[in-house]
Amino acid sequence: AVKRTALIAGNWKMNLDHLQSIAFVQKLAWSLGDAKHDFTTVDVAVFPPFTDLRSVQTLISADKLLLTFGAQDLSEHDSGAYTGEISGAFLSQLECRYVIIGHSERRTLHGETDEVVAAKVAAALRHGLTPVICVGETADDLETHGPSAVPVAQLRAALETVTSAADIVVAYEPVWAIGSGQAATPQQAEQVAAALRAVLTETLGDDVAAKTRILYGGSVKSGNIAGFMREPNIDGALVGGASLDVAEFSSIARFE
Ligand code: PEP
């Protein structure tokens, strides 16, 4: 079996301005350094607001930090008359490695459809960014369709134009678990992660399915991360609230 490098990803959402982002990343690097964090086995990535990216890039490159970073969204277009939008070209010039796509807050608060998500995934890949494709069911979906149907359909739609060579990350984030303090159980998350890996096998083949990281997200904290990391199809976590506390996020990165 292929060994997948774990990924602990911190989605800051609309928190921490560019000055706060510098202090935060410095403290996080110290904390991981103190813990002798092994970046060859666990990647740690932060996802700051757009206006922080240049500061984070400068700090990471000046101090040769092993942390990686990404953006929380991008435009499906490359340039032009799209006021307020951010191109994937700009993000890759800033050395973003990843970009979150289809977060449930984008889907519900900004009306992003499966088609928009697929177009954004294509845009990310055009610019050499690794999309972190978010899928997940609401509490109503869970009741009506069971655990895997909606995330599976969302992933199939997001992969519409993806070819087998692409580097992608999938994040399973049940909407009812995001910011609710009520995480899925490791068994629930594993069941859906296995179904999502089956979609990867079916659409992109065995090799891609074996190497693609599937994250769990939804009320992850230091007290519950270890259970998720023991599951065979879960390769890391997308962390919201708990990623804003250096000690807590650093401890999640050690699966403590
Ligand atoms: C998220 O928004 O991606 C998330 C998982 O949030 P939280 O960890 O706060 O539930």
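**Fold and annotated site of the predicted chain**

Of the 256 residues of the chain, 42% count as buried (20 or more other C-beta atoms, placed from the backbone, within 10 Å of a residue's own). The structure is a predicted model: local features need pLDDT of at least 70, side-chain atom pairs count only at pLDDT 80 or more, and totals for chains, interfaces and linings use all residues. Residues are numbered from 1 along each chain as its sequence is written. The mean pLDDT is 97, and 100% of residues reach 70 or more; pLDDT is the predictor's confidence in each residue, from 0 to 100. The complex has an ipTM of 0.97 and a pTM of 0.97.

The chain holds eleven helices and eight strands, taken as DSSP runs (helices H or I, at least four residues; strands E, at least two) and numbered from the N terminus. The C-alpha trace spans about 45 × 45 × 35 Å along its principal axes.

The UniProt record, an unreviewed entry, places the feature "active site" at His103 and Glu173; such annotations may be inferred rather than shown by experiment. The two are spread over 71 residues of sequence, yet cluster in space, with a largest C-alpha distance of 8.4 Å. His103 is found in the loop between strand S4 (98-101) and helix H4 (104-109). Glu173 is found in the loop between strand S6 (169-172) and helix H8 (186-204). His103 is buried, with 27 other C-beta atoms within 10 Å. Glu173 is also buried, with 27 C-beta neighbours inside 10 Å.

The ligand has 13 residues around it; Ile178, Gly179, Gly217, Gly240 and Gly241 come nearest (near: C-beta atom, placed from the backbone, within 6 Å).

Methods
A residue is buried if 20 or more other C-beta atoms lie within 10 Å of its own, exposed if 12 or fewer, and partly exposed in between; C-beta atoms are placed from the backbone.
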